[in-house]
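Let's take a look together at how two protein chains meet. Please have your viewer ready.

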Amino acid sequence: MRWERLIRGCSVLLPAKASVRGFSSQGDAGCGGQKFSRKFSQRVLKDSKEGPRNRRLHGVHVFQCSDQLGIVANISQNIARRGANILNVDIYIDFDNGSPVFYSRSEFSFDPLQWPRDVMEEDFAEIAHIFKAQKSLVRVPECDENLKMAVLASWQDHCLVDLLHRWQEGELPAQIGAVISNHSRGPNTHVVRFLERHGIPYHYLPTTKSDKREGEIVELVKDTDFLVLARYMQVLSSTFLRSYGKDIINIHHGLLPSFKGANPYRQAYQAGVKLIGATSHFVTEELDDGPIIEQMVDRVSHRDTLTTFAMKSENLEKQCLAKAIKYYCEKRIVRYSGNKTIVFG
Amino acid sequence: MEEDFAEIAHIFKAQKSLVRVPECDENLKMAVLASWQDHCLVDLLHRWQEGELPAQIGAVISNHSRGPNTHVVRFLERHGIPYHYLPTTKSDKREGEIVELVKDTDFLVLARYMQVLSSTFLRSYGKDIINIHHGLLPSFKGANPYRQAYQAGVKLIGATSHFVTEELDDGPIIEQMVDRVSHRDTLTTFAMKSENLEKQCLAKAIKYYCEKRIVRYSGNKTIVFG
């Protein structure tokens, strides 16, 4: 019996390791021998009449090129001729900046025996070549390693703790390489014990006005795919940004572009706004100015104090940051048009 | 009743003490200023007709002409509300005439009135003025907030109703509302969503004001009693 699964970052059930190996021995499940890296998900492999050979995997293709005729047709044909089934396609064309730019994200299910991973890469590379794509990537969540992040935090840990829990639940399809903090946490704290249980190193790097320990941080995170600033209270310098070179996601506890910088709660409180919010965004050289990924608001009134402002905001920050990380790992975010983001549905 | 409350006010040296009996007292009287965009004007006129806004409308003043056969003008005629067309130029904002026309009102409503009122006007008129700003203050003050928001790549846009002060788009905020936007939105859909918010946000502010629910305090803030 054929079955397909649409994976949207929810808990994915993996076969126990034994069956994975057993499956691979039937001729490389198309994963190219890569290890599964899903510690906290179990996938149930339903018994099927025809056995595992009909197991289908889920693929994601993200594409960017100058808009021209035939792109979608080409991509679709490329997928269909390999016996794969398109589950979702989200397309956006940017007409605002000179000649139109085409962006797409496609999800499809495929039989890895019919369409091996290396062949898939070639097929899509061919399309990228034909259309002179600026961006073309393929991802098979069940085979490829999850993106690896490092998390930077300071003394406030509501965002850190929230993302660790969601990660444990399998909600955030990523690996956590390390947690780095300029605030020390003792061995008996919730965070440290949690990280120990999961074998994730905690690095305490206290900062001073003159020493932000950036060199050491870059060294510690150089093997990560992206960074998450979970209410990290130090401003990363341009040197750091250039050194690290990869994406950094920050959560700002204010509704950008209002209340940039320090103490946005207090700024909002004094401004007498009736709505407060949180913004997750990519970090750029300008403080709190990078492409916005997600924003959320809550109502406040004269009855709110700075404390309740903080409470409501922290609740928003957690959700807003988690969403951004999830979108990022699922390759749903494309930066475009200068300072904006497409977040594919 | 006035005496009783005045006594309490005296005892406690009150900065503010007012009594209102909606069914007896006259409704507060407003004048509405609008420009060519009339979604807010039309919306508030309809709500007023429905009895949702417990106020009198003394006049509608606009720097945009509307012919006798337009919806707004016919509506106002039916209700005996004068429409004053006062075109403005870079050098002449007609403020003197406006003050004259509105001097018997209790407050003003700027329903997407696109002229900035000078400090002279504010001092001249002296009473409360409620404005609707088509942006989520303090973001995107001034002109073209849709375009500013669009270029900033925000995921939420909003409208803000507030009291007018000498600083542009800076007065005490009364109410704010938001809607989601994404990469799929164009300037047109930004405008559509925003106009929807502006109407609701302004109407709420006027209603709160007429029901004496708003108290300005702590510098630049408002209490809006439930």
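This is a predicted model: local features need pLDDT of at least 70, side-chain atom pairs count only at pLDDT 80 or more; totals for chains, interfaces and linings use all residues.

Chain A brings 30 residues to the contact, and chain B brings 28 residues. Together they bury about 2400 Å² between chain A and chain B, with carbon and sulfur atoms giving 51% of that area. On chain A, the trio A:Lys274, A:His302 and A:Lys340 accounts for 24% of the area buried against chain B, more than any other three residues.

Which elements give two or more residues to the side of chain A that touches chain B? The table names them.

| Element of chain A | Residues |
|---|---|
| strand E2 | 85-94 |
| helix H8 | 264-271 |
| strand E11 | 292-299 |
| strand E13 | 340-343 |

Of this side of chain A, E11(A) supplies the largest share, with 7 residues. Sorted by class, the side of chain A that touches chain B holds 17 nonpolar, 7 polar and 6 charged residues.

Finally, the domain. An unreviewed UniProt entry places "domain: Formyl transferase N-terminal" at residues 29-206 of chain B. That span is 35% helix and 24% strand, and its end C-alpha atoms lie 11 Å apart.

Methods. Residues are numbered from 1 along each chain as its sequence is written. Chains are lettered from A and ligands numbered from 1 in the order in which they are written. Side-chain values use heavy atoms; hydrogens and water are left out. Contact means heavy atoms within 4.5 Å. Buried area is the accessible area (1.4 Å probe) that two parts lose on being put together, summed over both. Helices (H or I, at least four residues) and strands (E, at least two) are DSSP runs, numbered from the N terminus. Ala, Val, Leu, Ile, Met, Phe, Trp, Tyr, Cys and Pro count as nonpolar, Asp, Glu, Lys and Arg as charged, and the others, Gly among them, as polar. UniProt positions are given in the numbering used here, feature names are shortened, and annotations may be inferred rather than shown by experiment.
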